[in-house]
Amino acid sequence: MTEPAAAAAVRIGLPSGEKVTHRDVAANGARFHIAELGDGPLVLLLHGFPQFWWTWRHQLVALAEAGYRAVAMDLRGVGGSDRTPRGYDPANLALDVTGVIRSLGEPDAALVGHDLGGYLAWTAAAMRPKLVRRLAVVSMPHPRRWRAAMLRDARQTAAGSYIWGFQRPWIPERQLTADGGALVGRLIREWSGPRLPEDEAVENYQRAMCIPSTAHCSIEPYRWLVRSLVRPDGIQFNRRMKRPVRVPTLHLHGSLDPVARTRSAAGSGEYVEAPYRWRLFDGLGHFPHEEDPAAFSAELVNWLRDPEPDR
């Protein structure tokens with residue numbers, strides 16, 4: 001895919017016709033593509049695998065209409081952001097996130113992260129608490145809960161089988177890009193609940209994954225997560241994550257999520273020393289923000305507006 005074609009694949013508009021602003025910002029030694037809509041307090045949205053900023057298309061509109069500056073960024077190595085040869089450990093990826101907050105000229109942000117983006121949101125809130133005003137995590141346990149479940153819970157180990165498969169060299173990259181990214185579409189449909197995504201959305205994710213080097217960069221964080229389980233850097237990271245989150249936290253999860261089991265995610269509140277709200281969406285899978293965007297956006301906006309989120 002040529003550079004202009006790659007840019008077109010990720011700098012697309014919103015289904016609502018809203019004029020989203022696309023631009024690049026520099027942070028933590030790299031360049032990151034962002035999509036921005038609205039004015040007000042910053043809400044920074046972090047996508048998961050196998051997606052890019054467009055997964056937040058519905059929330060960008062809802063947040064902007066509610067009076068927020070909604071910004072969805074492409075993580076390192078994905079979408080329109082730089083594909084660097086290294087830097088895919090969660091600590092560095094979290095510094096990408098907090099660096100973008102600074103580059104946007106904001107004192108802090110409400111972080112909203114899904115899947116891998118949720119893992120990084122947990123990490124950023126623990127590592128750089130002064131830059132995180134509120135935290136909303138979707139379909140992802142706290143890093144210490146995730147680690148424990150993957151090692152000790154046979155059902156979660158099986159649910160995360162794709163992560164174990166990513167440990168092979170080169171083969172996963174080829175599988176993700178074969179047949180125009182067909183595997184991406186299959187994973188998204190298998191991980192969703194009964195409300196399957198639109199064909200247009202799936203095609204956009206497939207095209208984005210086929211941009212050169214994207215598959216490799218998308219897999220690298222998961223390789224680090226597994227290979228570092230017994231390495232000093234991973235053990236040190238796990239210890240750092242003992243540091244409690246001290247900002248109001250909203251934890252959102254689909255009851256039918258086949259990737260991150262509800263049992264694995266529930267209980268993450270033990271790492272939050274602040275108001276913590278758990279919200280389970282009945283009948284939704286791994287992508288609640290896309291499967292039922294109206295209900296998800298309403299929950300998020302109401303929580304952001306709530307001055308007493310522990311009620």
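Tutor: Quick start: helices (H or I, at least four residues) and strands (E, at least two) are DSSP runs, numbered from the N terminus. This is a predicted model, and residues are numbered from 1 along each chain as its sequence is written. Local features need pLDDT of at least 70, side-chain atom pairs count only at pLDDT 80 or more, totals for chains, interfaces and linings use all residues, and side-chain values use heavy atoms, leaving out hydrogens and water.

Student: Okay, is S139 buried or exposed?
Tutor: Find S139 in the loop between strand 6 (132-138) and helix 5 (143-152). Buried means under 20% relative accessible area, exposed over 50%, and partly exposed in between (1.4 Å probe, protein chains only). S139 has a relative accessible area of 0%, so this residue is buried.

Student: And what is the phi of D115?
Tutor: D115 sits in the loop between strand 5 (109-114) and helix 4. Although D115 is not a glycine, its phi is positive, at about 55°.

Student: How are helix 3 and helix 4 placed relative to each other?
Tutor: Axes are lines fitted to C-alpha atoms, for helices over the stretch in contact (heavy atoms within 4.5 Å), and angles run from 0 to 180 degrees between N-to-C directions. Helix 3 and helix 4 (residues 116-127) pack at about 80°, their axes 9 Å apart. Angles under 35 degrees count as roughly parallel, over 145 as roughly antiparallel, 65 to 115 as roughly perpendicular and the rest as oblique. The two helices are therefore roughly perpendicular.

Student: Which residues of helix 4 make that contact?
Tutor: From helix 3 come P90, A91, L93, A94, L95 and T98. Their partners in helix 4 are Y119, L120, T123, A124 and M127.
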